[in-house]
Amino acid sequence: AIPLVVAINTSLAARNGMLVRDRIAMEEARNLDAIIFDKTGTLTEGEHGVVGTETVSSIDEEEALALAAAVEGDSEHMIARAIREAAAERGVSVPESEDFEAMKGRGVRARITGDEVYVGGPNLLTHLDIDVRSDLQRFADEAGENGQTVVYVVRNEEPIAAFAMADVIRDESYRVVEALHELDIEVAMLTGDSRDVADAVANELGIDTVFAEVLPEDKDEKVQELQNQGKFVAMVGDGVNDAPALTRANVGIAIGSGTDVAVQSADVILVQNNPMDVARLVKLSKASYRKMQ
Ligand code: ADP
Ligand code: MG
């Protein structure tokens, strides 16, 4: 009788937009103690718009945007797309770039007319061991307090500009946190973004545990940290960066337009890109379990 119930469970799941790759994980979802969500593109829309710019006196906003767009020319990151769009909207002409290099979880680098230019977040500055000037720092602090992601432009080791980028929290994210709390499940968030942006989003949503400024290669360690506390843990993510964490989790959940890598690392795929489906998945698992007893 058990295989039959599991089969029903799986087709019911499919009708609810959940593709089950691992039936055991789907069944075990009823036992979850904690669920970790990727922030960008999962709890938020992941559609950053440039909402503010600050530059040092030697360069103006449009030059800064042109340089940044040139460096971001070959990046698929959502931040890169937003910078290219901002440059296009303002009609700035973007110079050629060479020797492009993506620095995972930090930013990007390229050579532009002989200058070495980086674009990236606070992680990048730490990595390059570069201090930001006070006027850029003040701008960055204020943006961070407003929950905006800040990226810097560094030319020949000198920070010359900063952009504030706003992302939008999804309505369904509020609802899923509430629904999971009703099920007595701890809600955690994992992001490569800065501490202040992460805290702003987490406070807004009522999230219990925040892991911020986590490099892609360290994401799975955060899953393990909760597992080491004796918790049964799910991870929800969409990006290439999330794959090791999805694999490490007891239940790996890929969401929406997830990358192939994320999909292949997941036990369950939520095709509708709706965070609320995570709560539905747990409820479905609990309901099926009761039938089996
Ligand atoms: P997330 O965990 O939010 O998906 P990532 O690990 O992809 O984020 O990136 C973490 C941080 O690295 C970003 O918040 C940003 O500061 C920086 N970063 C990554 N890629 C880029 C890029 N192409 N341009 C600028 N900054 C980037
Ligand atoms: Mg992501």
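Residues are numbered from 1 along each chain as its sequence is written, and chains are lettered from A and ligands numbered from 1 in the order in which they are written. Because the model is predicted, local features need pLDDT of at least 70 and side-chain atom pairs count only at pLDDT 80 or more, while totals for chains, interfaces and linings use all residues.

The protein chain contains 13 helices and 13 strands; helices (H or I, at least four residues) and strands (E, at least two) are DSSP runs, numbered from the N terminus. Its C-alpha trace spans about 75 × 30 × 30 Å along the principal axes. Of the 293 residues, 46% count as buried. A residue is buried if 20 or more other C-beta atoms lie within 10 Å of its own, exposed if 12 or fewer, and partly exposed in between, with C-beta atoms placed from the backbone. Two residues are in contact if their C-beta atoms, placed from the backbone, lie within 7 Å. Among contacts between residues at least 6 apart in sequence, 61% join residues at least 24 apart.

The domain assignment gives domain 1 (2-45 + 168-292) and domain 2 (49-166); such bounds come from an automatic or database domain assignment. The C-alpha centres of the two domains lie 31 Å apart. At their interface, 13 residues of domain 1 are in contact with eleven residues of domain 2. On the domain 1 side, H3 and H9 are the elements that give two or more residues, and H9 gives the largest share, four residues. By class, this side has five nonpolar, five polar and three charged residues. Here Ala, Val, Leu, Ile, Met, Phe, Trp, Tyr, Cys and Pro count as nonpolar, Asp, Glu, Lys and Arg as charged, and the others, Gly among them, as polar.

Ligand 1 has 23 residues around it, of which Thr40, His77, Gly107, Gly121 and Gly192 come nearest. A residue is near a molecule or strand if its C-beta atom, placed from the backbone, lies within 6 Å of it. Two or more residues of the shell come from each of helix H3 (39-43), helix H5 (78-89), strand E5 (107-112), strand E6 (115-120) and strand E7 (149-155). Both domain 1 and domain 2 supply at least three residues to the shell. Its composition is six nonpolar, 13 polar and four charged residues.

In soluble globular proteins, nonpolar side chains tend to be buried together. A nonpolar core is a set of buried Ala, Val, Leu, Ile, Met, Phe, Trp, Tyr and Cys residues joined through C-beta atoms within 7 Å. The largest such core has 49 residues, and those with the most contacts inside it are Ile35, Ile36, Ala188, Met189, Ala234, Met235 and Ile253. Helix H9 (residues 195-205) gives the largest share of this core, five residues. Apart from it lies another core, of 35 residues, including Ile79, Ile83, Ala143 and Val151. Not counting residues up to four places away in sequence, Ile36 touches Ala188, Leu190, Lys222, Val223, Val233, Met235 and Val236. In helix H4 (residues 61-71), the buried residues are Ala64, Leu65, Leu67, Ala68, Ala69, Ala70 and Val71. These residues of H4 pack against strand E3 (49-55), H5, E5, E6, E7 and E8.

Aspartate 99 is in strand E4 (residues 98-103) and counts as exposed because it has 9 C-beta neighbours inside 10 Å. Glutamate 157 is in the loop between E7 and strand E8 (158-166), and is exposed, with 10 other C-beta atoms within 10 Å.

Glutamate 186, in strand E9 (residues 186-190), is partly exposed, with 18 other C-beta atoms within 10 Å. Beyond four places in sequence, glutamate 186 is in contact with Asp33, Ala34, Asp208 and Thr209. Glutamate 45 lies in the loop between H3 and E3 and is partly exposed, with 14 other C-beta atoms within 10 Å. Leaving aside residues up to four places away in sequence, glutamate 45 touches Asp167, Val168 and Arg170.
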